[in-house]
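Visitor: I would like to learn how to read charged contacts in a model. Where do we begin?

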Amino acid sequence: MAQHVVASGNFLVPGWTFVAELVAFLIILEILRRYVLPPIQKALTDRQAMIAKQVEDAETAKAQLAEAEKSYQHALNEARTEAAQIRENARAEAQRTVEELRAAAQEEQARIVARGEEQLASQRSAIVRELRAEIGTLAVELSEKIVSQRLTDDAQVSATVDAFLAGLESQDAAKAATGE
């Protein structure tokens, strides 16, 4: 007959196999804690430090970007202000130049008009002197004709004077035609 082996003992109390497995498990845990866990923790700590550094660098870069944008806007506003001032100065300079040119043109016009008036006055004086000389000469000629003809008749004297005046008019017309 077969014998039945009956386990003795309480199943709640662990056997030697269980205790050996538990001790082996604890030894493995201790080896993991001493030799494997520190490099992993160091790597995690390094990774966290690197992430924190990157976040800090990103915040610094963000602040620098904001400062750079602020500087850019300030420089842009200054450039716009300076450009507006340059435009205003150019307008004022152009206006000043126009006024100076206008004043110079008016002075030149006044000078030309004065010179023209002086020339006209001198020409008029010369013409008056010339006419006086001619009238004197013509008066002498007329007197000579009157005396030389020994006129006794008033009608003859009147005809001689009329002829003299007609001669003067024809001379004036000839001078006017030639532009003298």
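Guide: Start with the count. This is a predicted model. By the distance rule it holds 8 salt bridges.

Visitor: What is the general idea behind such a pair?

Guide: Side chains of opposite charge can pair when their charged atoms come close. The cut-off used here is 4 Å between a side-chain nitrogen of Lys or Arg and a carboxyl oxygen of Asp or Glu.

Visitor: What is the secondary structure around these pairs?

Guide: The protein chain has 2 helices and 0 strands. Helix 1 covers residues 16-149.

Visitor: How much of the protein chain is buried?

Guide: Of its 180 residues, 3% are buried. The accessible surface is about 16000 Å². Carbon and sulfur atoms account for 61% of that surface.

Visitor: Take one pair. How far apart are the closest N and O atoms of Lys53 and Asp57?

Guide: They are 3.3 Å apart, and the pair forms a salt bridge. Now look at the spacing along the chain. Lys53 and Asp57 are 4 residues apart in helix 1, about one turn of the helix.

Visitor: Are Lys53 and Asp57 buried, partly exposed or exposed?

Guide: Use the cut-offs: buried is under 20% relative accessible area, and exposed is over 50%. Lys53 has 48%, so it is partly exposed. Asp57 has 37%, so it is partly exposed too.

Visitor: Which residue does Glu93 pair with?

Guide: Glu93 forms a salt bridge with Arg96. Their closest N and O atoms are 2.3 Å apart. Glu93 and Arg96 are 3 residues apart in helix 1, so about one helical turn separates them. Glu93 is partly exposed at 40% relative accessibility. Arg96 is partly exposed at 44%.

Visitor: What is the N to O distance between Arg111 and Glu108?

Guide: It is 2.1 Å, and the two side chains meet in a salt bridge. Arg111 and Glu108 also sit in helix 1, 3 residues apart, which puts about one helical turn between them. Relative accessibility is 39% for Arg111, which counts as partly exposed. For Glu108 the value is 34%, again partly exposed.

Visitor: Which residues are linked in a network of salt bridges?

Guide: Glu30, Arg33 and Arg34 are linked in this way. Read such a case as a group.

Notes:
Residues are numbered from 1 along each chain as its sequence is written. This is a predicted model: local features need pLDDT of at least 70, side-chain atom pairs count only at pLDDT 80 or more; totals for chains, interfaces and linings use all residues. Side-chain values use heavy atoms; hydrogens and water are left out. Buried means under 20% relative accessible area, exposed over 50%, partly exposed in between (1.4 Å probe, protein chains only). Accessible areas come from the Shrake-Rupley method with a 1.4 Å probe; for residues, only the protein chains shown count as cover.
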